[in-house]
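Subject: Handing over the structure

Hi,

Here is the structure I promised to pass on. Have a look at it first, and then read my notes below.

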Amino acid sequence: MKSYKFTEEIPVLGSYDVIVAGGGVAGVAAAVSAARMGKSVLLIEKTITLGGLATIGLINYFVPMCNGRGTKIIKGMAQELFDLSIKYGFDTVPSDWKDGDPPADTKQRYVTRFSIPIFIAALTELLKNEGVDILFDTVVTKPVMEDNTCVGVIVENKTGREMYCCKMIVDVTGDSDILYRAGVPTIQGCNFQTFLVNGVTIKTCEEVIKTGDFSKLTRGYDGGNADLYGGNHPEGHRLWKGTNARDVTDYVVESHINLLNNIRNDDRNSRELIQIPTMPQFRTTRCIDGDYVFTEDDVYKHFDDSIGAICDFDRRNYLYEIPFGTLVKTGFPNMITAGRSASGRGYGWDLLRVIPPAIITGQAAGVAVSMAIDSGSAIYDTDIKKLQKTLEEQDVMIHFDDSLIVPGEAERVDIGHI
Ligand SMILES: Cc1cc2nc3c(=O)[nH]c(=O)nc-3n(C[C@H](O)[C@H](O)[C@H](O)COP(=O)(O)OP(=O)(O)OC[C@H]3O[C@@H](n4cnc5c(N)ncnc54)[C@H](O)[C@@H]3O)c2cc1C
């Protein structure tokens, strides 16, 4: 490959305690939680909207935050953002959960859909109210490394090329882009052909008028509707990596053409498409090969370094704890991840990356970096007991109660994931 070498003086425009690279739900949680610990925080987002896949990826659905028996497992900032997502717009919270925790054992799971544009605006307001500095329309391109320590990041935006310095960095790009470029070991994932689009029809509009419920406004269209387990993925079709520009571009081009093929013979006045994803709907692109790699086999395990209990989104009863080791790699003292790029394999990775756990890991990352700054210690040497105590005070369930374990009755579905 030909190459071109150039050197350049780059203006240093600011210095922060914490830089959060990426403004998805994990990034928002990390930024807010560090700001609440009194740290100066800069959140850098390459688009002009917060929420990432949960908003511009059109994934406006909090998967279950309870065990499927009426007990809430995932709380803390996941509960806060769940509430915020429906504060000014529609919700689809099931009836048993409408008025808080259900009085009796219920099979209804604690979930909701939410209005995408309203949640986007509410997230911006949240960051402003919490004193987080935001840089929109700005791509973090390169970590500036001194040995294994990241002293800042190079960014690109309308102004040009700039540098921001930091004491700690949280890579919540969803793809571990910054950690990868810093030399942190990572695991490459792959993705099926999924490209889900929201549209309206006369019928859905009539349904809204009939019920007064805007959650019924849209119906799905697609340019590929593979599910998590590969169902509906075109036979023999390649899998997408999502970690290089050519791959992402080919996916987008193919998805748009598929979408057109799926609708071009409709009566053109019979429907309108109103929301198209503006980031690729890739589930698992690249995560860190962390100090701990989380898998499905970790079901019902307690971890001494748990930073939060989570539940299985597909299966009632199945409970897990997220080890802090999924967020860090020993040897890289001021770099941490959260959300979609926490360290997991197979279905274990899926369990970590969905919206509520992504928020929980973001919250933990924000607290951990703040503590590391205060103590001057490496992030992987975080005082776990202190971290857990702080998270508990923020209403995170650190360890699930063993009385919630019902293995005999656990509903097992066949997890045939790549
Ligand atoms: C098809 C599909 C269906 C899903 N279904 C569900 C579901 O029903 N329920 C559920 O809970 N979860 C679901 N998920 C998972 C969930 O949506 C995501 O895993 C979760 O939202 C990830 O959040 P995140 O903050 O970790 O990452 P992301 O949402 O990926 O956010 C990363 C952010 O970083 C920004 N960014 C990236 N690179 C840079 C850079 N270099 N500089 C600056 N900014 C950058 C991006 O623009 C983005 O805003 C689904 C995912 C997919 C793909």
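Why is helix 7 (residues 346-353) largely enclosed by the rest of the structure? Seven of its eight residues are buried, so the rest of the structure largely encloses helix 7. The buried ones are Y347, G348, W349, D350, L351, L352 and R353. They pack against strand 13 (286-288), strand 14 (306-311), strand 15 (319-323) and helix 8 (355-375), a contact being two C-beta atoms, placed from the backbone, within 7 Å.

Before you go on: this is a predicted model, where local features need pLDDT of at least 70 and side-chain atom pairs count only at pLDDT 80 or more, while totals for chains, interfaces and linings use all residues. Residues are numbered from 1 along each chain as its sequence is written.

Overall, the protein has nine helices and 16 strands, taken as DSSP runs (H or I, at least four residues; E, at least two) numbered from the N terminus. Of its 418 residues, 46% count as buried.

Now the ligand. Around it are 36 residues, of which G22, G24, G52, G174 and G339 come nearest; to count, a residue needs its C-beta atom, placed from the backbone, within 6 Å. Helix 1 gives the largest share of this shell, three residues. Strand 3 (61-62), strand 6 (139-146) and helix 8 are among the elements that each supply at least two.

Cheers

Terms used. A residue is buried if 20 or more other C-beta atoms lie within 10 Å of its own, exposed if 12 or fewer, and partly exposed in between; C-beta atoms are placed from the backbone.
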